[in-house]
Amino acid sequence: MHFKKTDLKNGIRVVSELHPQSRAVSVGIWVLTGTRDEPEDQIGISHFLEHLVFKGTKTRTAYQIAKSLEALGGELNAFTTKEYTCYHALVLKDHWPKAMEVLGDLVCNMQMTRKEFQLEKGVILQEIAMGEDSHEEWIYDIFFEEVYGQHPLAWPILGSIKSITEMKQKQVTDYYKTTYSGQNIIVSAAGALDHQDLVESVQKRLRGKKKTRLQQDRKAP
């Protein structure tokens with residue numbers, strides 16, 4: 001195992017793990033913001049934002065995003081937790097620059113219409129309802145509420161019907177600009193790739209990100 005790490009001037013950290021024999025490369029962009037970092041009146045905004053990023057960027061439509069890596073036999077996905085949001089891809093080793101390009105586009109160039117915002121709001125509300133219908137999933141939200149009480153770690157990742165219904169498009173856009181920047185971002189990759197090539201790719205794709213201090217005010221429960 002060979003690990004390397006580079007800190008860019010704008011605060012973004014780049015980490016790689018070399019696997020020379022691997023035929024695939026896994027790439028991820030980790031944004032250090034999750035449910036516990038959200039304003040109390042905007043619970044679920046991190047997860048909502050994760051959905052909206054895939055609805056289009058300044059250079060790609062939702063369809064083009066979906067097909068960008070699938071057409072190469074790769075995978076593109078994302079997930080949100082209580083402490084971070086991750087956009088990740090798995091591709092053949094020759095295609096990792098394309099994966100980096102697409103991930104960088106998602107993190108830097110989100111562009112959504114009012115129509116897409118309202119449609120996705122309905123999708124999230126449906127997700128919340130489906131979660132409440134599934135006791136195997138709902139029990140975890142109840143568990144965290146009992147354990148953490150009023151602490152942000154108790155908040156559900158999907159948000160509540162009230163918080164999502166009242167969410168404004170500008171709030172999501174502002175959250176994207178504020179949290180998807182500088183020291184809040186870690187780029188990681190594992191596979192048969194050169195660390196310096198990765199660093200140069202990240203610099204090219206994410207050079208527009210401003211250097212900012214971490215926005216989290218995390219307190220122990």
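Strand β4 (residues 75-80) pairs with β5 in the antiparallel sense, over six bridges. This is a predicted model. Four residues separate β4 from β5, and the two strands form a hairpin. Within this pairing, A78 has Y87 of β5 as its bridge partner.

Strand β5 (residues 85-92) also pairs with strand β3 (residues 24-31). These two strands run antiparallel and are joined by eight bridges. Here V27 is bridged to A89 of β5.

The table sets out the two pairings.

| Strand pair | Sense | Bridges | Example of bridge partners |
|---|---|---|---|
| β4 (residues 75-80) and β5 | antiparallel | six | A78 and Y87 |
| β3 (residues 24-31) and β5 (residues 85-92) | antiparallel | eight | V27 and A89 |

Now to helix α8. Which residue caps the N-terminal end of α8? D194 does: one of its side-chain oxygens lies 3.0 Å from the backbone nitrogen of Q196.

Helix α8 covers residues 195-206, twelve residues in total. At 1.5 Å a residue, α8 should span 16 Å.

Which residues of α8 are buried? They are H195, L198, V199, S201, V202 and L206. Seen down the axis of α8, these buried residues fall within an arc of 165°, and therefore they line one face of the helix.

The buried residues of α8 pack against several elements. Among the strands are β1 (2-7), β2 (13-18), β3 and β6 (185-191). Helix α3 (96-108) is another partner.

Conventions
Residues are numbered from 1 along each chain as its sequence is written. This is a predicted model: local features need pLDDT of at least 70, side-chain atom pairs count only at pLDDT 80 or more; totals for chains, interfaces and linings use all residues. Side-chain values use heavy atoms; hydrogens and water are left out. Two strands pair if DSSP finds at least two bridges between them. The expected span of a helix is 1.5 Å times one less than its number of residues. Buried means under 20% relative accessible area, exposed over 50%, partly exposed in between (1.4 Å probe, protein chains only). The arc is that of the directions from the helix axis to the C-beta atoms. Contact means heavy atoms within 4.5 Å. A polar contact is a pair of N or O atoms within 3.5 Å; within protein, one must be able to donate a hydrogen and the other to accept it, and residues adjacent in sequence count only if both atoms are side-chain atoms.
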